[in-house]
Amino acid sequence: MPVTIKSAREIELMRAAGKILGKVHQDLGKELKPGMTTLEIDHIGEEMIRSYGCIPSFKNYHGFPASVCVSVNDEVVHGIPSKKRTIQEGDLVSLDIGVVYKGYHSDAARTHGIGEISQNASELMLRTRECFFAGIRYASAGNYLHQISGAIHNCADKYGYGVVRDLVGHGIGSHLHEEPEVPNYRKFHRGIRLRSGMTLAVEPMINEGTGNVEWMDNEWTVVTRDHKLSAHYENTILITKGKPEILSITEDEIAEGIWMPGGNE
């Protein structure tokens, strides 16, 4: 599938999908507490998604059994919710969620600390978000995809973290995964030139230790090879001639002032 440039109508639908996803992330994150099972988190998340007239992007996608990927501590991505898995005080919990609104997807992830967490965990969580914003400073029409990837990697290197290479971001639109791939690590070729109207899911997956990962026996869940912590921060963004528009940013993040909403054409 070639890289698609979205029409004005498609962009409006993706804005709507992203706004809904931002609300789901914000509200579901506030529900997390010690003693919850990861299956409870999934059920609450799916109910929220459907309450907005959306469909969960992930449910039954290539056989994935849930609406929310709930990944805990050393789990990088694709944690399968279970009634046997309970989150505890001090855990890092990453929620990766996708919604479909009127045929268009939005995809975003956030990592949350449960109760009091260690300084190492807190720093990893915040610095993974920092890696995302370091990358998207280059996400403007006329720049090259590798500039986003290199900036993410440079930010992680600054803190001595491992960057996951086995999993990457992606284009997004009427399909959950579209071209191009969006690596979080340095590439030695320029890749595609960015154009206004492209929509990308940029998603640093940053590990406290090694960037190497392995798959669990369920063939979905990816864990750090050294079993140290991992964090995940993702948004769906729209490329413009100016700074990118983050379609899935939450209202709390806007209030925090981490990024002003809206792109500049």
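**Salt bridges and pockets in the predicted model**

The structure holds 13 salt bridges. The model is a predicted one. Side chains of opposite charge can pair when their charged atoms come close.

Helix α5 takes part in another bridge. Here Glu256 meets Arg129, at an N to O distance of 2.8 Å. Because Glu256 sits in helix α5 and Arg129 in helix α3, the pair links parts 127 residues apart in sequence. Arg129 has a relative accessibility of 17%; the cut-off for buried is under 20%, so Arg129 counts as buried.

A further bridge connects Glu214 and Arg225, at 3.9 Å from N to O. Glu214 lies in strand β11 (residues 213–215), and Arg225 in the loop between β12 (222–224) and β13 (230–232), so the parts tied together are eleven residues apart in sequence. Glu214 is partly exposed, at 31% relative accessible area. Arg225 is also partly exposed, at 47%. Elsewhere, a network of salt bridges links Glu12, Arg15 and Glu245.

The largest pocket has a volume of about 450 Å³. Its lining comprises 24 residues, and those closest to the centre are His78, Val168, His170, His177 and Glu203. Strand β8 gives the most, with four residues. By class, the lining of the largest pocket has twelve nonpolar, five polar and seven charged residues.

The second largest pocket holds about 360 Å³ of space. It is lined by 18 residues. Nearest its centre lie Arg110, Thr111, His112, Arg129 and Glu253. At least two lining residues come from each of α1 (8–31), β5 (104–113), α3 (119–136) and α5 (251–256). By class, the lining of the second largest pocket has three nonpolar, nine polar and six charged residues.

Terms used:
Residues are numbered from 1 along each chain as its sequence is written. This is a predicted model: local features need pLDDT of at least 70, side-chain atom pairs count only at pLDDT 80 or more; totals for chains, interfaces and linings use all residues. Side-chain values use heavy atoms; hydrogens and water are left out. On a 1 Å grid over the protein atoms alone, a cavity is a set of points where a 1.4 Å probe fits but cannot get out, and a pocket is an open set with protein on both sides within 12 Å along at least five of seven lines; lining residues have an atom within 4 Å of a point. Grid points are joined across faces, edges and corners, and a volume is the space filled by probe spheres set on the points. Ala, Val, Leu, Ile, Met, Phe, Trp, Tyr, Cys and Pro count as nonpolar, Asp, Glu, Lys and Arg as charged, and the others, Gly among them, as polar. A salt bridge is a side-chain nitrogen of Lys or Arg within 4 Å of a carboxyl oxygen of Asp or Glu. Buried means under 20% relative accessible area, exposed over 50%, partly exposed in between (1.4 Å probe, protein chains only).
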